[in-house]
Each structure stands twice: as C-alpha cells, then as structure tokens.
Amino acid sequence: MVPVRLTGPRLAIREFHHSPGDIDALYAVFGDPEATRHLPFEPRDREDCADQIEQYLEEALRDERTVYRLAVTRRTDADDPARAVPIGNAALTLGGHHCADLGYALRPDTWGNGYAGELTALLCDFAFGPLGLHRLAARVDVENAASIRVLTRAGFRPEGRIRHDVLLRGTWHDSFQYSLLADEWPSGGGRPRTGG
C-alpha cells in the first residue's frame, strides 16, 4: 500500500488508523444523527465504526485499489497529520471508464468553516492528478443545501434527480446527481474554471 497523504491550506487527508482515537473520531461523525441526516445509512455504533475502519484498511491493501476512504484532519491539530484526530472522512470509489464517486462527511461542530469545499478540492486534485481520472460524480440528498453549494462552487454540474434513491427510516429520499470532468478542473488550482 502506498499511503495517501493530501495537504491543503487548513486540512490534511490521510489513511485511517485502526486506533481508539480514529475509531472514536469516525463514531463522532457516523454515530451522530445530525451528521448522518443526509447520508445513505442510519447512525452507526462504535463497534460498526471500528469494523468500517478495518474494512477501509483492507481496501487500501488490495493490489488494485478501487476505494479510497480517508481521514480528514485539521493541520493545526497536530504537527503531523498522522497524529491529528480526524474531523471527518472523505471517499473516492473508482468505477470503470476512468471515473469515481466522491463523498465526504464532517463532524457537525466543524460545519460552516469551509472545510467541505477544501476537502472537495483536495479530492479533485488527487482524482484528476495522480489517479488520472476523467470524471467525478457525486450524489447528494435534495434537502442537503450545504453540500449542493459545495459541489456547485467546485464546478460540479447537475445531471438530474434520482427519484427514491435511498430508503431511510421508512421514507424514500430523492438525490441529485452532479458531475465534474477533468478538463473542467484546473490542476492544482483548487478552484473551478468559469465560463463555457
């Protein structure tokens, strides 16, 4: 495994560790009803989060890695991101034809600081740079206005509405599908191209 380490102005993205600190950090996101309100699963318990991290590490060790589930940390929380407590997770799930699905989730107490935009830019740089992908897609709950703004600001374009995409708590939820192509993302710039 070649560990992923991405660094932005305020955030760093790294592999998860199967440690009590990282398990607690993932549980602070995936166990929180507010944080998971727009995610396609119910809140998880701490044991489920430990199992998730074990799965993330197994995926990272595969000969042909197709899933990147990574810890998001703040650079100010430690001298080395490997020692910083994660504030969320970021994911790229590779598919055929040089494409991937992008996703993220952050702890609610970190919302409103622009972190989602920065981590989206880091994932786009990684996807269109070292991974050599052509297309990124993202699905977002139609009621998740904050993530819709993040994707739009990053240059993602709407492709349509997916009706009854997710069943949660006995209710069907629709999603919006967004996409971004490599030639629409300026390499390393962290900002989308405008126009055309």
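Helix 3 covers residues 115-128, 14 residues in total. Helices here are DSSP runs of H or I with at least four residues, strands are E runs with at least two, and both are numbered from the N terminus. From first C-alpha to last, helix 3 reaches 20 Å, close to the 20 Å expected at 1.5 Å a residue. That expected span is 1.5 Å times one less than the number of residues. The model is predicted: local features need pLDDT of at least 70, side-chain atom pairs count only at pLDDT 80 or more, and totals for chains, interfaces and linings use all residues. Residues are numbered from 1 along each chain as its sequence is written, and side-chain values use heavy atoms, with hydrogens and water left out.

Helix 3 is mostly covered, with twelve of its 14 residues buried. Buried means under 20% relative accessible area, exposed means over 50%, and partly exposed lies in between (1.4 Å probe, protein chains only). Among the buried residues of helix 3 are Tyr115, Leu119, Leu122, Leu123, Phe126 and Phe128. Glu118 is also on that list. Glutamate 118 has 10% relative accessibility, so it counts as buried. Contact means heavy atoms within 4.5 Å. Neighbours within four places in sequence aside, glutamate 118 is in contact with Gly8, Pro9, Arg10 and Leu11. Proline 9 is 109 residues away along the chain, yet the C-alpha atoms of glutamate 118 and proline 9 are separated by 8.1 Å.

The protein as a whole has four helices and eight strands. From the N terminus on, the order is β-β-α-α-β-β-β-α-β-α-β-β. The radius of gyration is 16 Å, close to the 16 Å that the globule rule gives for 196 residues, so the protein is as compact as a globular protein of that length. The radius is taken over C-alpha atoms, and the rule is 2.2 Å times the number of residues to the power 0.38. Along the principal axes, the C-alpha atoms fill a box of roughly 50 × 40 × 35 Å. Of the 196 residues, 45% count as buried. Among contacts between residues at least 6 apart in sequence, 61% join residues at least 24 apart.

The protein exposes about 10300 Å², and carbon and sulfur atoms supply 49% of this area. Accessible areas come from the Shrake-Rupley method with a 1.4 Å probe; for residues, only the protein chains shown count as cover. There are 23 positive and 29 negative side chains, and the centres of the two sets lie 6 Å apart. Lys and Arg count as positive and Asp and Glu as negative, while His and the chain ends are not counted. Each charge is placed at NZ of Lys, CZ of Arg, CG of Asp or CD of Glu.

Asparagine 89 belongs to strand 4 (residues 88-94). Its relative accessibility is 6%, so asparagine 89 counts as buried. Residues up to four places away aside, asparagine 89 touches Phe16, Leu26, Phe30, Tyr56, Leu70, Val72, Tyr104 and Ala105. Arginine 107 sits in the loop between strand 5 (99-106) and helix 3. Arginine 107 is buried, with a relative accessible area of 17%. Beyond neighbours within four places in sequence, arginine 107 is in contact with Ala28, Val29, Arg74, Pro86 and Ile87.

The loop between strand 4 and strand 5 holds histidine 97 and histidine 98. Histidine 97 counts as exposed at 76% relative accessibility. Histidine 98 counts as exposed at 54%. Phi of histidine 97 is near 60 degrees, a positive value in a residue other than glycine. Histidine 98, not a glycine either, has a positive phi of about 60 degrees.
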